[in-house]
Amino acid sequence: MSTSAASNTNENAGVAFAIVLGAGAATAIGAAVVFFPSLVKLTSQRVLAASLGLSAGVMTYVSFVEIFAKSVSAFTDANHDENMAYIYSTLSFFGGVVLMKVGILVEFVFFVVDSGLQFFQP
């Protein structure tokens, strides 16, 4: 490893450690609020819902980006060029989304058939 790469890694490690400490402190402060009933009463349901939605969205985004990068890497390792690996990864992702939606639709149709609901009047 070259000297410049080692110093760059050390700089990034300090920033990363500070971000991790900040995230841990925010989590601890947020969790500590639950132990004080007077603070719980001050919270707004809308703010809590928005905060949970935002955090779920961020976690989902980070997961998908990480999985997508591994998918591109796997297609590249399988001797596909970079552009085709990206296209295959994108098609695989959206193909999975379509399969999930089809599964949900099939489950809904079976629920309607089993429950005897009628959406259209004869």
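**Entry 1: N79**

I looked up N79 and noted that this residue is exposed, with a relative accessible area of 74% (buried means under 20% relative accessible area, exposed over 50%, partly exposed in between, with a 1.4 Å probe and protein chains only). N79 lies in the loop between α3 and α4. Its phi is near 70 degrees, which is a positive value in a residue other than glycine.

I record here that this is a predicted model, in which local features need pLDDT of at least 70 and side-chain atom pairs count only at pLDDT 80 or more, while totals for chains, interfaces and linings use all residues. Residues are numbered from 1 along each chain as its sequence is written, and side-chain values use heavy atoms, with hydrogens and water left out.

**Entry 2: the whole protein**

I found four helices and zero strands in the secondary structure (helices, H or I with at least four residues, and strands, E with at least two, are DSSP runs numbered from the N terminus). Along the sequence the pattern reads α-α-α-α.

Next I looked up the surface. The protein has 122 residues, and buried residues make up 3% of them. Its accessible surface comes to about 10400 Å², and 72% of this belongs to carbon and sulfur atoms (accessible areas come from the Shrake-Rupley method with a 1.4 Å probe; for residues, only the protein chains shown count as cover).

Is S89 buried or exposed? I noted that S89 is buried, with a relative accessible area of 1%. This serine lies in helix α4. Leaving aside neighbours within four places in sequence, S89 is in contact with F68, S71, V72 and F75 (contact means heavy atoms within 4.5 Å).

I then turned to F68, which is placed in helix α3. With a relative accessible area of 24%, F68 is partly exposed. Apart from neighbours within four places in sequence, F68 is in contact with Y86, S89 and T90. I also looked up F68 and S92: they are 24 residues apart in sequence, and their C-alpha atoms are 9.5 Å apart in space.

**Entry 3: aromatic pairs**

A pair of aromatic rings is described by the distance of the centres and the angle of the planes. I counted four aromatic pairs by the rule used here (rings of Phe, Tyr and Trp, the last by its six-membered ring, pair if their centres lie within 6.5 Å; planes under 30 degrees apart count as stacked, over 60 as edge-to-face and the rest as tilted).

Why is the pair of F68 and Y86 edge-to-face? The ring centres of F68 and Y86 are 5.3 Å apart and the planes stand at 85 degrees, so the pair is edge-to-face. F68 lies in helix α3 (residues 45–77) and Y86 in helix α4 (residues 82–115), so this pair ties together parts that are 18 residues apart in sequence. Y86 is partly exposed, with a relative accessible area of 49%.

F93 and F94 also form an edge-to-face aromatic pair, with 5.0 Å from centre to centre and 80 degrees between the planes. F93 counts as partly exposed at 33% relative accessibility, and F94 counts as partly exposed at 49%. I noted one aromatic cluster formed by F64, F93 and F94.

**Entry 4: the largest pocket**

Rolling a probe the size of a water molecule over the atoms shows where empty space is left. I found about 280 Å³ of space in the largest pocket (on a 1 Å grid over the protein atoms alone, a pocket is an open set of points where a 1.4 Å probe fits, with protein on both sides within 12 Å along at least five of seven lines; lining residues have an atom within 4 Å of a point). The volume is the space filled by probe spheres set on the points.

Which residues line the largest pocket? I listed V47, L48, S51, L52, L54, S55 and M59. This lining divides into five nonpolar, two polar and no charged residues (Ala, Val, Leu, Ile, Met, Phe, Trp, Tyr, Cys and Pro count as nonpolar, Asp, Glu, Lys and Arg as charged, and the others, Gly among them, as polar).
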